[in-house]
Every structure is written in structure tokens, then in C-alpha cells.
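The points are grouped by topic.

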Amino acid sequence: MQAWRVHENGEPGQVMRLEEVDRPVPGPGQVLLRVRAANINFPDALLCRGQYQIRPPLPFTPGVEICGETEDGRRVIANPALPYGGLAEYVVADEAALLPAPEVLDDAEAAALHIGYQTGVFGLHRRAHLQEGETLLVHAAAGGVGSAAVQLGKAAGARVIGVVGGPEKAAVARELGCDLVIDRRTDDIVAAVKEATGGRGADVIFDPVGGDAYAKSAKCVAFEGRIVIVGFASGSVPAPALNHALVKNYSIVGLHWGLYAQKDPASIVRCHEQLTKLAAEGAIKPLISERVPLKDAAAAVQRVADGTTTGRVVVLPDGAAR
């Protein structure tokens, strides 16, 4: 089969190689899946760089979530077992963790439903307890994780403010349903949020960016607001001033979604059932900006790493527009 492999750490576009390799062999409790679609996540770039919290042995194949097909024909969503990641024609995955792909979503959309949307549900509801009528601020609102948070916030009845970088991404955020879009390149984020909320600030802030985005968040979070830390796409890990959190009376909460697979796997199944229902109702639908063939996967991962994409970029191993 064909698979992209990383033999040394570095930028995805430089270190990923498309090779002919043997199909992976399932271990105990695992199944072999044919990859129907593989969604690219920012962690795939971090894996290539050797900067992710998990460091698979070299060589490895990136790709942390897929829509796949079992040998008996079932269409499922899975997290491939590294080092045999999803940017390949076949993967192995833990059978107990397979989730049914929603019928209303095509392969590319199903592949993109899992990590980003589960991160949104756990972050907004389990960690931040977002309430109907509250104001939600989403950084990188046109990106993969951010676009999911926008849709989930609207589905929960929140007023959603999206922060983006550039007019193209602003247009995407508006199409997603943001009530207000702020372009961080030209607008004053703090002033815009304060004006939009009558000086109160945002009740919940969803931050997959870190760095300056976090600094701005701390300046425009509401009384008893919650800042949800879900990642550091900027490459800069902020050092929160806890005295500031005390004086303004807000909470800083972290979310590492992957831990739930270890600590509370049943919660992932319940979340998927909730997401499947929302998808069936039309309340959420993954934004797929690009569907690329397997041969173009390295360039696609690099674009995600560079932050130039909107929504989700999905790799289709046979090149079909599924």
C-alpha cells in the first residue's frame, strides 16, 4: 500500500515521503481499516516537527483521525494507532474505540467530525459550562477547531464572536454564523468585544491559539468568565498572571481531549451520539475547504501548519471527491 512516512523531524513539506510499504498488521484488540478519508489536524504538523506530546518512533505515518471501512463493510470514524497514521491507504485502530460514521455526512465530513467537534463539546460544555444567551468568543474562528466551536456555540444558543486573520477568513466566519467577526490584523479585539457586550466582556473564550490571543482574552473576559485553553497554534505558550485572574474573578481551564479516552472513554461515546444527533438535525456540519488526493497530502499538511487554510483539509486516498 501507499503511505506517507516521516523519517526525520522537520517541516511536513520537507520530511514527509510517499512510500510503498506493507499493510499494518492488527495487534490484539485492533482491526484493519481501509482509509476512506483522512482529516488533517494541526497535531499532524506537530508530529512531523517532533513537538507533539506523543512522539511515535521513526519512521511513522501522520494522520490522527479518519473515516474508514472495516473488512465487513461498516463505515466508521477512528483514531489510527500510531505509528500507522491515517495518511495511508490502510490503518489499524482499536476496535473498542470505533464510532459509527453518521449517515448524513459524506466520508470527508465524517472524518472531520471527531477530534475538533469533541474538543468543542468538552471545552464549551463540560469545562466552561456555556449557557444559552451567553457571549462566546472563538479565536481562529475560520479554522478547523474554531469553526466547530462556532457551530456548537450557535447550536447552544450563545451569541458568537469570531476572531480571524484576514478578509477571506472573516467571510468564512460570517458564513459559519458568527454574530460578529473581528479581524485581528486590522481591528482592536479588546475594544470590539467590550463595545459589542456593553463593556461586560465575553462569558466564554475558546482559545486554540495561545500567545497574543490569550493576552487579549484576559483583557476582555467577563466577570466570572471562563477562558478555555485548547492549544497553542501560534507556537507561543502564555504564562497567565494568576493575580489578574483573581482580581477580575475569571477562570482559566485547560482541555486535553485525548485524556478522556484514558480516564472516561464512555464520555466520548456519549459525545459522539450528541454530535450525530446535531448533524442529523443540520445544526452542525464540518466545513471542508479542500479535498485532496493522497499524493498531495504533504503539501496539505504544510498549509495547515502554516495557518493558511480555512475549515478542514481532508485527504482522500483514491482521489475521489467523496
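A pocket is an open set of points on a 1 Å grid over the protein atoms alone, with protein on both sides within 12 Å along at least five of seven lines. In this predicted model, the second largest pocket holds about 150 Å³ of space.

**Second largest pocket**
- The lining comprises 13 residues, and those closest to the centre of the pocket are Arg-5, Val-21, Asp-22, Thr-61 and Tyr-84.
- By class, 9 of the lining residues are nonpolar, 2 are polar and 2 are charged.

**Aromatic rings**
- The structure contains 1 aromatic pair.
- The ring centres of Phe-122 and Tyr-260 are 4.3 Å apart and the ring planes meet at 40°, so the pair is classed as tilted.
- Distant parts of the chain are linked by this pair: Phe-122 belongs to helix H4 (residues 115-127) and Tyr-260 to helix H10 (residues 259-263), 138 residues apart.
- Phe-122 is buried, at 4% relative accessibility, and Tyr-260 is also buried, at 12%.
- Arg-23 is placed over the face of Tyr-90, 3.9 Å from the ring centre.

**Cysteines**
- A search of the whole structure returns 0 disulfides.
- Cys-220 takes part in no disulfide, as the nearest cysteine sulfur, that of Cys-178, lies 14 Å away, whereas a disulfide requires sulfur atoms within 2.5 Å.
- Cys-220 is buried, with a relative accessible area of 0%.
- Cys-271 is likewise in no disulfide, and the nearest cysteine sulfur, that of Cys-67, is 17 Å away.
- Cys-271 has a relative accessible area of 3% and therefore counts as buried.

How values were computed
Residues numbered from 1 in each chain as written. Predicted model: local features only at pLDDT ≥ 70, side-chain atom pairs only at ≥ 80, totals over all residues. Heavy atoms only, no water. Phe/Tyr/Trp six-rings, centres within 6.5 Å; stacked < 30°, edge-to-face > 60°. Helix = DSSP H or I, 4+ residues; strand = E, 2+ residues; numbered from the N terminus. Buried < 20%, exposed > 50% of the residue type's maximum accessible area, 1.4 Å probe, protein only. Lys NZ or Arg CZ within 6 Å of the ring centre and 35° of its normal. 1 Å grid on protein atoms, 1.4 Å probe; cavity = no way out; pocket = protein on both sides within 12 Å on 5 of 7 lines; lining within 4 Å. Points joined across faces, edges and corners; volume = space filled by probe spheres on them. Nonpolar A, V, L, I, M, F, W, Y, C, P; charged D, E, K, R; others polar.
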